[in-house]
Amino acid sequence: PGSNIDHNCNGIFGVAPDGIPYEEKLCGSTQQKGVLILGDSACAHFRIPPKWFNATEINASTYVHLPGIIENEIDFPQLSWSTGHAVDTPAGESPGPVNSVYLNMVKNNACNHRDYQNLCVNGAMVRDVAEKYIHMLSRDPKNDHPAVVFHALIGNDVCDPHYSFDHMTPPDQFEQSVLSTLQQLDAKLPPGSHVVFVGVVDGRILWDTMHDRMHPMGIKYSTMYEYLNCLYISPCWGWMNPDESVRN
């Protein structure tokens, strides 16, 4: 009876005429693996559609998907670099192409179909993952297949909306949280799993590459950054800042 249930939702179930379960027959020797990711808005694929701010594109249908998108915190995990699996959903809001780690793993081994989990949250810091989001990770060390897990906290421990350096995560606390997450992953993941660390980025690239370009609002990014700082609503005071000493 257990063979008639698709336990891992990859679409394979039932028993072959020779009595061998199809899951074992088709996937038993393929070394299938899932893709899981813990991180922040970068891997949640936070994205504000430019057409929302471009007067030449605004029409009666421009904001038709706005309520649902806001409900999802303006995240499009289905389009992310890690677990992306759908193109342009909702229609017209975030066109592809999508070329994710998950899709490439399915291309390499179709038994990996639907084996993904995206636990990326806007504003997440390493402490949040170690204390909260790690508990949402669904993996049985005995009954599930191994997984490739990405730990991708790339900026919020340094880049946050507080207008001081006091809220940045000290290196010793950062290390403690990472080690705690690793210990919990060690207990949750099946043997043969792997953890990939995506390091904190050098966010000075934001100002260096964008400050002189035009924002969809019709002003330069440097002006937009200063405007957000003036209103105390900048998502990243440290790196989106005209003061080079602060950025450094």
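This is a predicted model: local features need pLDDT of at least 70, side-chain atom pairs count only at pLDDT 80 or more; totals for chains, interfaces and linings use all residues.

Asp 75 is buried, yet it has no salt bridge. Which side chain of opposite charge is nearest to Asp 75? Select Arg 47 as well: that's the one, and it sits 11 Å away.

Asp 75 does have a partner of another kind, though. Show the side chain of Asn 122, and you'll find a polar contact of 3.2 Å between it and the side chain of Asp 75. Beyond its neighbours within four places in sequence, Asp 75 also touches Ala 44, His 45 and Phe 46, along with Asn 122. To get your bearings on the chain, look for the loop between α3 (66-71) and α4 (101-108), where Asp 75 lies.

Now switch to a cartoon view and find the sheet. It is an open sheet of four strands, in the order β2-β1-β3-β4, and the pairing is parallel. At the edges are β2 (116-120) and β4 (194-197), each of which pairs on one side only.

Zoom in on β1, residues 34-39. Five bridges join β1 to β2, and the two strands run parallel. Click on Gly 39, then look across to β2: which residue stands opposite Gly 39? It's Cys 120.

Next, colour the helices that go with the sheet. Select α4 first: it lies across β1, β2 and β3 (147-152), at about 170° to β1. Then take α6, residues 171-188, which packs on the sheet and touches β1, β3 and β4. The direction of α6 makes about 160° with that of β4.

On to the salt bridges, of which the model has six. Begin with Arg 139 and Asp 115, whose side chains meet at 2.7 Å, N to O. Arg 139 is in the loop between α5 and β3, while Asp 115 is in the loop between α4 and β2, so this pair ties together parts that are 24 residues apart in sequence. Are these two buried or exposed? Arg 139 is buried, with a relative accessible area of 13%, and Asp 115 is buried too, at 11%.

For another salt bridge, select Arg 204 and Asp 202, where the closest N and O atoms are 2.7 Å apart. Here Arg 204 counts as partly exposed, at 31% relative accessibility, and Asp 202 is also partly exposed, at 44%.

One more pair: Lys 132 and Asp 128, with a salt bridge of 4.0 Å from N to O. Lys 132 is found in the loop between α5 (126-131) and β3, and its 43% relative accessibility makes it partly exposed.

Last stop: Gly 28, in the loop between α1 (22-27) and β1. At 57% relative accessibility, Gly 28 counts as exposed. How many residues separate Gly 28 from Gly 218 in sequence? The answer is 190, and in space the two are 56 Å apart, C-alpha to C-alpha.

Technical notes:
Residues are numbered from 1 along each chain as its sequence is written. Side-chain values use heavy atoms; hydrogens and water are left out. Buried means under 20% relative accessible area, exposed over 50%, partly exposed in between (1.4 Å probe, protein chains only). Lys and Arg count as positive and Asp and Glu as negative; His and the chain ends are not counted. A polar contact is a pair of N or O atoms within 3.5 Å; within protein, one must be able to donate a hydrogen and the other to accept it, and residues adjacent in sequence count only if both atoms are side-chain atoms. Contact means heavy atoms within 4.5 Å. Two strands pair if DSSP finds at least two bridges between them. Axes are lines fitted to C-alpha atoms, for helices over the stretch in contact, and angles run from 0 to 180 degrees between N-to-C directions.
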